[in-house]
Amino acid sequence: MMPTSTGQKMKCCMNDVDGHIKGDAVVVAGRMNLIDLKDRVAEIAKEGFIDVRVKALKVLVTFDLHETLTSTM
């Protein structure tokens, strides 16, 4: 079954094995303020390629600066 909402599509892309797709999905989620994907973005910030992790951390900062600083330390 194909994802129907933008959030579902981004979540699907965040699970892709290709780091470029995963990183771009994280950026889109941040720009669209898809806060419901925050937990998945946080997982991505802790694993994988460094450039994808940096993108995820930047998105987490836009979602909630205080929480990002306390949960990633």
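## Contacts along the chain

Take the contacts between residues at least 6 apart in sequence: 46% of them join residues at least 24 apart. Keep in mind that this is a predicted model.

## The overall layout

What is the chain built from?

The chain has 73 residues, and 30% of them count as buried.

## Helices α1 and α2

Start with α1 (residues 6-14) and α2 (residues 19-31): their axes come within 8 Å and cross at roughly 150 degrees. Angles over 145 degrees count as roughly antiparallel, and that is why α1 is roughly antiparallel to α2. The crossing of these two helices is left-handed.

Which residues of α1 and α2 meet? From α1 come Met10, Cys13 and Met14, and from α2 come Ile21, Lys22, Ala25, Val26, Val28 and Ala29. Sort the residues of this contact by class and you get eight nonpolar, one charged and no polar.

## Helices α3 and α4

Next up are α3 (residues 38-45) and α4 (residues 50-63), whose axes come within 8 Å and cross at roughly 140 degrees. Here, too, α3 passes α4 in a left-handed crossing.

On the α3 side, the contact uses Lys38, Val41, Ala42, Ile44 and Ala45, while α4 brings Val52, Arg53, Ala56, Leu57, Val59, Leu60 and Phe63. By class, that contact of α3 with α4 has 10 nonpolar and two charged residues, with no polar ones.

Definitions and conventions: Residues numbered from 1 in each chain as written. Predicted model: local features only at pLDDT ≥ 70, side-chain atom pairs only at ≥ 80, totals over all residues. Heavy atoms only, no water. Axes fitted to C-alpha atoms, helices over the stretch in contact; angles between N-to-C directions. Helix = DSSP H or I, 4+ residues; strand = E, 2+ residues; numbered from the N terminus. Left-handed = near helix turned anticlockwise from the far one by under 90°. Contact = heavy atoms within 4.5 Å. Nonpolar A, V, L, I, M, F, W, Y, C, P; charged D, E, K, R; others polar. Buried < 20%, exposed > 50% of the residue type's maximum accessible area, 1.4 Å probe, protein only. Parallel < 35°, antiparallel > 145°, perpendicular 65-115°, else oblique.
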